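Biologist: Can we go through this model together? I would like to start with the metals.

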Amino acid sequence: MTVQFSLGSNAPESTTTPVAVVGVYENGVLTSAAARIDTAAGGAIKRLVEAGDITGKVGNVVTLLHPAGVAAARVLVVGLGAQKTFDAARYQRVTLEAARAVGRLPVTEAVNWLPEVEVPGRDAAWRLRVAALATDHAAYRYTATVKPRDKSLPELATMTLVGPADGEAGLAEARAIAEGVRYAKELGNLPPNICNPDYIADQAKAFADAHEGVTFESLDRADMEREGFGSLLAVARGSANAPRLVILQWNGGKDGERPYAFVGKGITFDTGGISLKPGPGMEEMKFDMCGAAGVLGAFVAAVKLKLAVNLVCVVPAVENMPDGDSYRPGDVLTSLSGITIEVLNTDAEGRLILCDALTYTGKRFDPHTMIDAATLTGACVVALGKHASGLMTKDESLSAELLAAGEATLDRAWRLPLWDDYQSQLDSGFADVANLGGKYAGAITAGCFLSRFTEGRRWAHLDIAGTAWDEGRKGMATGRPVPLLTQWLLDRVAAG
Ligand code: BES
Ligand code: MN
Ligand code: ZN
């Protein structure tokens, strides 16, 4: 369950709540809600600023307990950092810090005045939306296979965000996106012995069953053999978990209008196959289905918003394992498109399942635009780090649309070139294309590989290897790129 959000407009000093959240800048300037509470409380906040307890720095959060003259049981004073340089990213950061601090208190509800703070270039709906999403992000706990550490702390159930009545649209978007993000996080975080190809298909089917207007289909191994998914099926061969191709459709748009298509890499575990990965950190390769989780999450958000678009979501779900029957380096595969592929490394498997999924999606649905999301290359993480997803497309307008959607949601992407100059790195003497592009520009050559299967289509590729999860032993799925993809759809609807 996501946190339940509502829109509030009450006076801060007279609102009865377990926690009132307000902000202070580094220069000691109080936001208007903080100032009103301070006045009602006889200067209680300013005294703490002067004493140096409240610094206004980002990460400095001070809780006043039962301040006299104020209806709230607690006042949480959140540092906003320097006022002069306050911007959208900082706003997102401080709303997250605030929600984390609320999460450490024994409360199930709170009222938050931070959305009243001015953010350059962003409106109230945006502020409400970002605060809601940051709050739901902070409140998420993975509990499917582990008990909560501190059972005495209740979960945050409801948060009132204070803003103008016309900000309600922002909250409605936030509720839907939060659902989609949670869906993506949960699938991503589940262990690979649970979240296998059948599990992903079952979850997609359950969502379709529970939502009118959503249709579910899937292809199993036999179906794909019949159709000729020679590349995808080669990757699947080493695993005891059979592959599935999952297809969800939502027809919220006009009859006969070409759909938008999302395709997501769903490698439920990536050992590397015969080109086995090193042991340390291999458990993180359970996240190799985060592209699938991301496009499914965006689909969930689109359905929750009942967006007036036709949308199809295609997920190749496959496990990449070493086995006596595994595909090998040197194998030449015939893809669904007819293009032959020389396997030089069985760990470059994502492109091998995506190429068939892209071919299938293109042929069957003739989409207006096709976007894939994939944890495709470590090279993309080297290039862009953990902050930006890699965007590759030859279509200038699609590039601009996706970059803008990333900027709007702070779920940002950054473009890498797909120039033909790179294509020769995929040359092979034994097939039309090799699945490996050598040591340079690994993210781009992976994109180039996919481009061979999307010729003539309006297509973009998002490499989310760096952004889909936080690394480390306790790193969790982030739910990216659900906000970006959902925003892109919202923008398409708005553009008409
Ligand atoms: N799933 C990995 C990419 C990956 C690696 C994502 C680490 C996030 C963190 C992908 O299937 C893979 O193994 N890619 C190889 C490609 C190489 C063999 C061309 C890689 O990045 O090393
Ligand atoms: Mn791999
Ligand atoms: Zn992989």
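Biologist: Which residues coordinate the zinc ion (ligand 3)?

Modeller: K265 through NZ, D270 and D288 through OD, and E349 through OE, at 2.0 to 2.4 Å. Donors are N, O and S atoms within 2.8 Å of the metal (3.2 Å for Na, K and Ca), and water is not among the atoms, so sites may look incomplete. Before we go on: this is a predicted model, where local features need pLDDT of at least 70 and side-chain atom pairs count only at pLDDT 80 or more, while totals for chains, interfaces and linings use all residues. Residues are numbered from 1 along each chain as its sequence is written, chains are lettered from A and ligands numbered from 1 in the order in which they are written, and side-chain values use heavy atoms, with hydrogens and water left out.

Biologist: What geometry does the site of the zinc ion (ligand 3) have?

Modeller: Octahedral, with angles of 79 to 174° among 6 donor atoms. Six donors count as octahedral if opposite donors are over 155 degrees apart and all others between 65 and 115; four count as square planar by that rule, or as tetrahedral if all angles lie between 85 and 135 degrees, and anything else is irregular. Ideal octahedral angles are 90 or 180 degrees.

Biologist: And which protein donors does the manganese ion (ligand 2) have?

Modeller: D270 (OD), D347 (O and OD) and E349 (OE), lying 2.0 to 2.2 Å from the manganese ion. This site is irregular, with angles of 71 to 168° among its 6 donor atoms. Along the chain the donors follow the spacing D-x76-D-x1-E.

Biologist: How far apart are the two metals, the manganese ion (ligand 2) and the zinc ion (ligand 3)?

Modeller: They are 3.2 Å apart, and D270 coordinates both. D270 is in strand 10 (residues 266–270), whereas E349 is in the loop between strand 13 (340–342) and helix 10 (350–365), 79 residues from D270. Helices (H or I, at least four residues) and strands (E, at least two) are DSSP runs, numbered from the N terminus.

Biologist: Is D270 buried or exposed?

Modeller: D270 is buried, at 3% relative accessibility. E349 is buried too, at 1%, and K265 is buried at 2%. Buried means under 20% relative accessible area, exposed over 50%, and partly exposed in between, with a 1.4 Å probe and protein chains only.

Biologist: Which residues does UniProt list for "active site"?

Modeller: The unreviewed UniProt entry lists K277 and R351. Such annotations may be inferred rather than shown by experiment. K277 sits in the loop between strand 10 and helix 9.

Biologist: Changing topic: how many aromatic pairs are there?

Modeller: The count is 10 aromatic pairs. Rings of Phe, Tyr and Trp (its six-membered ring) pair if their centres lie within 6.5 Å; planes under 30 degrees apart count as stacked, over 60 as edge-to-face and the rest as tilted.

Biologist: Why is the pair of F207 and F299 edge-to-face?

Modeller: Because their planes are at 75°, with the ring centres 6.3 Å apart. F207 is in helix 6 (residues 197–210) and F299 in helix 9 (residues 290–304), 92 residues apart. F207 is buried at 7%, and F299 is buried at 0%. Ring pairs also link Y183 with F207 and F299 into a cluster.

Biologist: What about W419 and Y422?

Modeller: That pair is stacked, 6.3 Å centre to centre with 15° between the planes. W419 is exposed, with a relative accessible area of 54%.
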